[in-house]
Amino acid sequence: MPAAAQHRRTSTRLKRTVALAGLGAAVIALPLVGATSASAAAPSAVTYTSDLDGWIRQSLQVMAQNGIPGSYDGIYRNIIRESSGNPYAINNWDSNAAAGTPSKGLLQVIDPTFRAYHVAGTAFDPYDPVANIVAACNYAAQRYGSIDNVWGAY
């Protein structure tokens, strides 16, 4: 192949490579160019399901933000034992109930314990699933090291 033809071939190939590289950079930049300052500044909020799984996952997020230890399995195990997953469960027959302070909610917390271990940013309602879980886990962390260490009534 003559030198002139070889030069044209290399030159054309180089131009295509540069053009494609430039196009690739433009494609990579598109998401950044199209982002608005509001969406770029604030991460999208996580949406949780309104069921036991969602309540536990949301509680774990709040617990992580507040340095409260616990795992999904530990929380789930204790909820099933205490309330069978009913956020409106109330114990009207044990010693706490006889003293006028029945245990309430998913993790069967009495009102004084709920008030003492309530975590700011959650509802101030012992029947609120997330508030109940987080307050109970906060109490269990202080008393037992973690809700994961609770294997019976606490």
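**Helix packing around α3**

Okay, let's start with two helices: α3, residues 52-65, and α7, residues 129-144, pack with their axes 9 Å apart and at an angle of about 50°. That angle makes α3 oblique to α7, and the crossing of the two is right-handed. Bear in mind that what you're looking at is a predicted model.

So who touches whom here? On the α3 side we've got Trp55, Ile56, Gln58, Ser59, Val62 and Met63, and they meet Pro129, Val130, Ile133, Val134 and Cys137 of α7. Sort the residues in that contact by class and you get 9 nonpolar, 2 polar and no charged ones.

Now for another partner of α3. Helix α4 covers residues 72-83, and α3 packs with it at an angle of about 130°, axes 10 Å apart. These two are therefore oblique to each other, and α3 passes α4 in a right-handed crossing.

Here Leu52, Asp53, Ile56, Arg57, Leu60 and Met63 from α3 meet Tyr72, Ile75, Tyr76, Ile79 and Ile80 from α4. This contact of α3 with α4 comes out at 9 nonpolar, no polar and 2 charged residues. Look out for Ile56 and Met63, by the way: they're on the list for α7 and on the list for α4.

How many aromatic pairs does a search of the whole structure find? It turns up 5. Tyr117, Tyr139 and Tyr154 form one aromatic cluster. And if you click on Trp151, you'll see the charged end of Arg77 sitting over its ring, 3.4 Å from the centre.

Note on methods:
Residues numbered from 1 in each chain as written. Predicted model: local features only at pLDDT ≥ 70, side-chain atom pairs only at ≥ 80, totals over all residues. Heavy atoms only, no water. Phe/Tyr/Trp six-rings, centres within 6.5 Å; stacked < 30°, edge-to-face > 60°. Lys NZ or Arg CZ within 6 Å of the ring centre and 35° of its normal. Axes fitted to C-alpha atoms, helices over the stretch in contact; angles between N-to-C directions. Helix = DSSP H or I, 4+ residues; strand = E, 2+ residues; numbered from the N terminus. Parallel < 35°, antiparallel > 145°, perpendicular 65-115°, else oblique. Left-handed = near helix turned anticlockwise from the far one by under 90°. Contact = heavy atoms within 4.5 Å. Nonpolar A, V, L, I, M, F, W, Y, C, P; charged D, E, K, R; others polar.
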